[in-house]
Structures are given as structure tokens and as C-alpha cells.
Amino acid sequence: MSIITTTPVEESPLLQVRDLSVSFLDGKKKHLLVDRVSFSVQAGQCLGILGESGSGKSMTCKAVLGLLDKNFEVTGSSLFDGGELIGANPEKLRRMRGSKISVVLQNPMSCFDPLYRLGEQMEETIAEHMALSAKAMRSMMVDILTLMRIRDPEDVLRKYPHQLSGGMLQRIMIGLAISLDPELIIADEPTTAIDSISQYSIMQEFVRIKKAGSVAMIFISHDLGVLSLIADKVIVMHRGRAVEEGTAESVFASAKDPYTHHLISQHKAVMDRFLKAIHAGRQGEVA
């Protein structure tokens with residue numbers, strides 16, 4: 001009698017980036033901005049990309065999404081759900097953004113047209129990916145605002161962007177992103193341009209999305225406190241290169257790269273204050 005043993009098959013990453021490089025074309029010269037960056041993200045996992053301004057973290061994700069113009073040269077590979085994104089048809093990438101891949105940007109005010117009401121803009125975004133009746137569309141928009149804990153949703157839909165706070169606009173962006181049932185959400189510094197109270201509220205929403213467990217996330221930030229709250233694993237970028245990677249706990253507790261160690265030691269006090277504020281906020285909610 002023979003005993004057959006099987007080795008568990010490791011799940012393929014939803015997104016697998018290998019040797020991604022980005023150069024800015026200046027006439028006959030090339031300026032290397034991102035240098036052979038590699039990472040992967042599993043379904044339900046959150047990858048944090050940590051780095052200071054100019055480190056190449058946002059440029060990396062723009063290259064993955066096909067958001068760079070002809071002044072940039074992108075090489076390497078980016079497989080999403082088994083399909084190559086680098087060099088893919090621009091129309092195919094456009095359809096994929098907002099459906100399979102949703103993006104939440106840094107400045108919510110710049111993402112809404114000041115001349116149109118919120119309801120009109122939400123409807124246009126949803127209609128691009130879903131065929132709904134007017135009644136179903138209205139119901140979905142109200143549900144999105146309710147999910148994001150925005151009071152008086154019918155009234156908010158009639159307002160213009162300038163009539164809402166940055167935090168409320170950011171929550172609407174997040175609500176739109178998850179309502180299209182994406183497989184991957186890329187959040188590019190989503191808490192940078194808002195006040196600390198709104199930042200706490202926004203992070204609550206992202207933690208709630210993560211706990212649902214079905215959506216993969218890439219969370220880009222220069223803030224250690226934010227990433228320590230949500231990231232499963234982290235890559236640290238410096239001058240266009242990934243200088244450190246590992247679980248969030250291992251990177252923050254025992255960084256091996258000198259730059260990462262310096263960055264963490266510089267910002268640790270701020271990170272500790274942020275996490276203390278988050279913890280106090282949770283206790284207040286329970287009380």
C-alpha cells in the first residue's frame with residue numbers, strides 16, 4: 001500500500017510585477033526614474049509601498065496602470081490576472097481601470113468637476129461600467145453614500161464638489177471604487193490632503209474593506225503609521241529602487257537596509273502617536 005502525499009499549490013498572485021523600469025525621455029537622453037522594481041500582490045492582501053516624495057512609488061503604479069504618456073519608456077512585466085499590462089492596448093487598459101482595477105487618488109478635489117453636481121458625476125462613472133435603469137442607478141448611488149457613512153445622501157447628490165469637505169469627497173471616491181466590484185484597489189496617498197479627523201475616518205474605511213478579505217490592495221504612502229495599520233507586506237522605495245521588502249512587522253521592527261532603518265527611526269515617534277490616536281478613537285467608539 002502506497003501513501004500519496006500532495007504538496008499544497010501556492011496561489012498565483014493577482015498582480016505580479018517583475019523588473020519594472022521607467023525612464024523619462026528628454027530628447028536623446030534617458031533619465032531613469034524607476035529601476036527594476038519587482039513585487040506581487042495576492043487576492044485579499046494589502047501591499048504597502050513606502051517612500052518619501054520623489055522615491056518613485058507613485059510613478060511605479062502609474063506605469064503599471066498605463067497612465068504615463070509617450071514621454072516615458074516603460075520596460076519589464078506586469079501580469080494582472082495572467083494578462084500583461086505593459087504595452088497593452090490603451091483602450092483595454094482604460095476599460096480595466098475602474099472595473100477590475102480601481103484607483104483612489106491623493107487629492108479628491110481634483111478628481112471632481114466643479115461645474116457638475118456629485119450625482120451627475122457619480123452616475124457618469126457608474127454608467128461607463130454598468131447598464132442600469134435610472135431608478136436602479138439612483139438607488140445604487142444612495143447605497144454607496146450610505147455605505148460610506150455619509151448623512152443625507154439624497155441631499156449630497158444634489159451638491160457641487162466645493163460644498164463638501166475633502167474627507168467626504170475622499171469617502172465618495174472610495175465608495176465608487178469598491179462599488180464597481182474591483183479585484184484590485186490602488187490607493188495613492190489617499191490621506192495626505194485631508195485633515196487628521198478625516199484621515200482617521202478614511203483609514204477606518206480601508207481597514208473595513210481589507211477585513212472583507214476579497215479585494216487586493218496596493219496602498220502608497222510616506223506615512224509609517226498608516227501602513228502599519230493596513231499593510232500585510234511592505235516594499236520601501238528610495239531613488240527609484242526597492243531597497244527593502246518583507247512583512248510589515250519585520251520591516252518596521254528590524255529593517256536591514258540603512259535607508260529604511262533611518263526612515264523608520266526618523267518617523268517612529270509620529271507613527272506611535274498616530275497608532276495611539278487610532279486606538280483611542282476605537283475605544284471611544286466602543287464606549
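Mentor: Let's start with a term: a strand here is a DSSP run of E at least two residues long, and strands are numbered from the N terminus. Ser-40 has its place in such a run, strand S2. Keep in mind that we are looking at a predicted model.

Trainee: Why is Ser-40 called buried?

Mentor: Buried means under 20% relative accessible area. Ser-40 has 15%, so it counts as buried.

Trainee: Which residues is Ser-40 in contact with, leaving aside its neighbours within four places in sequence?

Mentor: Contact means heavy atoms within 4.5 Å. By that rule the partners of Ser-40 are Pro-13, Leu-15, Gln-16, Gln-45, Leu-47 and Lys-233.

Trainee: How do you know that S1 and S2 pair?

Mentor: Two strands pair if DSSP finds at least two bridges between them. Strand S1 (residues 15–26) and strand S2 (residues 29–41) have nine, in the antiparallel sense. Asp-26 has Lys-29 of S2 as its bridge partner, and Val-17 stands opposite Phe-39 in S2.

Trainee: What else does S1 pair with?

Mentor: Strand S4 (residues 72–80), which runs antiparallel to S1 and is joined to S1 by eight bridges. At least two are needed for a pair. In S4, Thr-75 is the bridge partner of Ser-21.

Trainee: In what order do the four strands of this open sheet stand?

Mentor: The order is S2-S1-S4-S5, with antiparallel pairing. S2 and strand S5 (83–84) are the edge strands, as each pairs on one side only.

Trainee: What about the sheet of six strands: what is its order?

Mentor: S6-S7-S8-S3-S9-S10, an open sheet with mixed pairing.

Trainee: What makes S6 and S10 the edges?

Mentor: Strand S6 (101–104) and strand S10 (241–247) each have a single partner strand, so one side of each has no neighbour in the sheet. On average, neighbouring strands of this sheet are turned by 15 degrees against each other, direction ignored.

Trainee: Where does helix H1 lie?

Mentor: Helix H1 (residues 57–65) lies across S1, S2 and S4, at about 105 degrees to S1. H1 also lies across strand S3 (46–50), S6, S7, S8 and strand S9 (233–238), at about 145 degrees to S8. Lys-57, Thr-60, Cys-61, Ala-63, Val-64 and Leu-65 of H1 are buried.

Trainee: Why are H3 and H6 called roughly parallel?

Mentor: Angles under 35 degrees count as roughly parallel. Helix H3 (residues 118–127) and helix H6 (residues 166–179) pack at about 25 degrees, with their axes 11 Å apart. H3 and H6 are therefore roughly parallel to each other. Leu-118, Met-122, Thr-125 and Ile-126 in H3 meet Leu-169, Ile-172 and Leu-176 in H6. The residues of this contact divide into six nonpolar, one polar and no charged.

Trainee: And how do you know that H3 and H4 are roughly perpendicular?

Mentor: The range for that word is 65 to 115 degrees. H3 and helix H4 (residues 134–147) pack at about 110 degrees, with their axes 10 Å apart, and they are therefore roughly perpendicular to each other. Gly-119, Met-122, Glu-123, Ile-126 and Ala-127 of H3 make the contact with Met-137, Met-140, Met-141, Ile-144 and Leu-145 of H4. Here the division is eight nonpolar, one polar and one charged.

Trainee: Last one: why does Asp-181 count as exposed?

Mentor: Exposed means over 50% relative accessible area. Asp-181 is at 63%, so it counts as exposed. Asp-181 lies in the loop between H6 and S7, and its phi is near 55 degrees, a positive value in a residue other than glycine.

Key
Residues numbered from 1 in each chain as written. Predicted model: local features only at pLDDT ≥ 70, side-chain atom pairs only at ≥ 80, totals over all residues. Heavy atoms only, no water. Axes fitted to C-alpha atoms, helices over the stretch in contact; angles between N-to-C directions. Parallel < 35°, antiparallel > 145°, perpendicular 65-115°, else oblique. Nonpolar A, V, L, I, M, F, W, Y, C, P; charged D, E, K, R; others polar. Buried < 20%, exposed > 50% of the residue type's maximum accessible area, 1.4 Å probe, protein only.
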